[in-house]
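Reader: I have a protein model to study and would like to walk through it. Could we take it piece by piece?

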Amino acid sequence: MKDFKDKVMFITGAAHGFGQVIAEGAADRGMKLAMVDIDEPALKESYQHVLDKGAEALMITADVTKEASVDDAVEQAMEKFGRIDLLINNAGIALPGRIWELPTRDWEWIMHINLMSQVYAMKRIIPIMIQQKTHADILNVASIAGLVDTPGMPSYHASKFASVGMTEATAYDLQRADIDIDMHVMCPGFVQTDLYHTENHRPAQYSDPTDPYYQSEAYLKGQQFAKYVITNGKPIDTIADTVFKALEDNRFYILTHPEYNPLIEDRVKRIVTDGAPDVHIMDGIM
């Protein structure tokens, strides 16, 4: 996508972090925005920021773990703007916890928001983009955790590896069908986002405060680790420019932390040389 002015962007997770700064970057470029998030008070603030920049925008409060909610959000966007040129599937959470400790409901939550919300939006919006008969783009926000693996967060890795693979496979399908939609997947490392406040946005259907896991040492250590790595990550202020430059250049993989490239290279090398995960090697690289 070379020209953003007057194009319509549909973005999930628009109230915080990447979603907020990308929405503001879109407003700076003259785009129209459909902004979706579950956190209505924060979404109102993010929405006001883009209005202050002179953008035409629509605020939609929705739980994107529910397909019907995503369908309704898309319908609202179409009623307002009549088209969608750029879909950014940004909504996501992070849940630390080893597989033998993390409750099943947490697996369901993270897979529903990190993966299935992207499925719901693409399933509904790709046919709209096809019918428009104009160029369109889809950017799925995954993570460096979708390209490399580390200890302590198997649910997060599972959801992000799935997002990367789904995006790659969809790119093939669109090319084979000669459909003018370019796919992109963003795989950032640790950035100073709102991600360590995941628990503040937990929907009721994934909540059980009586479960002893949420008072356990494992849970508390996981929360402390998440806060540490996010608050000590890279500043977020360059992300919008990175995203829009990647869209202009039609880059498929959007990476933000080249210092993690040795981890990617190590994983690929292990795959093709009959290797195996080795925590000592990983710790040495990290």
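Predicted model: local features only at pLDDT ≥ 70, side-chain atom pairs only at ≥ 80, totals over all residues.

Reader: How many bridges pair S5 and S6?

Author: S5 and S6 pair in the parallel sense. The number of bridges over which S5 and S6 pair is 6.

Reader: How many of the residues of S6 are buried?

Author: Buried means under 20% relative accessible area. S6 is mostly covered. Of its 7 residues, the number buried is 6.

Reader: In what order do the strands of the open sheet come?

Author: The sheet is open and has 7 strands. Its pairing is parallel. The order is S3-S2-S1-S4-S5-S6-S7.

Reader: Which are the edge strands?

Author: Look for strands that pair on one side only. One spans 57–61 and the other 253–255. They are S3 and S7.

Reader: What does the twist average from one strand to the next?

Author: The twist is an average, taken from one strand to the next. Its value is 15°.

Reader: Which residue of S4 stands opposite methionine 9?

Author: S1 covers residues 8–12 and runs parallel to S4. The two are joined by 3 bridges. Opposite methionine 9 stands leucine 86.

Reader: What angle does the direction of H4 make with that of S4?

Author: H4 packs on the sheet. It touches S1, S4, S5 and S6. An angle over 145 degrees counts as roughly antiparallel. The angle between the directions of H4 and S4 is about 175°.

Reader: Which residues of S1 point the other way from Val8, Phe10 and Thr12?

Author: In a regular strand the side chains alternate between the two faces of the sheet. In S1, Val8, Phe10 and Thr12 point one way, and they are buried. Pointing the other way, and also buried, are Met9 and Ile11.

Reader: Which residue of S2 stands opposite phenylalanine 10?

Author: S1 pairs with S2, residues 32–37, in the parallel sense. There are 5 bridges between S1 and S2. Opposite phenylalanine 10 stands alanine 34.

Reader: Why is S2 largely enclosed by the rest of the structure?

Author: Count its buried residues. S2 is largely enclosed because, of its 6 residues, the number buried is 5.

Reader: Now the helices. At what angle do H1 and H2 pack?

Author: H1 takes in residues 17–28 and H2 residues 40–52. Their axes are 9 Å apart. The packing angle is about 20°.

Reader: What is the hand of the crossing as H1 passes H2?

Author: H1 and H2 are roughly parallel to each other. Their crossing is right-handed.

Reader: Which residues of H2 make the contact with H1?

Author: H1 brings Gln20, Ala23, Glu24 and Ala27. The residues of this contact divide into 3 nonpolar, 3 polar and 1 charged. From H2 come Ser46, His49 and Val50.

Reader: Why do H4 and H5 count as roughly parallel?

Author: Their axes come within 8 Å. Angles under 35 degrees count as roughly parallel. H4 and H5 are therefore roughly parallel, crossing at roughly 15°.

Reader: How many residues of the contact of H4 with H5 are nonpolar?

Author: Trp107, Ile110 and Met111 are among the H4 residues that meet H5. The H5 side includes Pro154, Ser155 and Ser163. The contact has 6 polar residues and 1 charged. The nonpolar residues number 13.

Reader: What is the relative accessible area of serine 163?

Author: Serine 163 lies in H5. Its contacts include Asn114 and Leu115. Serine 163 is buried, with a relative accessible area of 0%.

Reader: Is leucine 102 buried or exposed?

Author: Leucine 102 sits in the loop between S4 and H4. It touches Trp107 and Tyr213, among others. Its relative accessible area is 7%, so leucine 102 is buried.

Reader: What distance separates the C-alpha atoms of aspartate 194 and isoleucine 230?

Author: Aspartate 194 is in the loop between S6 and H6. Along the chain, isoleucine 230 is 36 residues apart from aspartate 194. Their C-alpha atoms are separated by 8.0 Å.

Technical notes:
Residues numbered from 1 in each chain as written. Heavy atoms only, no water. Helix = DSSP H or I, 4+ residues; strand = E, 2+ residues; numbered from the N terminus. Buried < 20%, exposed > 50% of the residue type's maximum accessible area, 1.4 Å probe, protein only. Contact = heavy atoms within 4.5 Å. Axes fitted to C-alpha atoms, helices over the stretch in contact; angles between N-to-C directions. Parallel < 35°, antiparallel > 145°, perpendicular 65-115°, else oblique. Left-handed = near helix turned anticlockwise from the far one by under 90°. Nonpolar A, V, L, I, M, F, W, Y, C, P; charged D, E, K, R; others polar. Pairing = 2+ DSSP bridges. Lists of a residue's contacts leave out its neighbours within four places in sequence.
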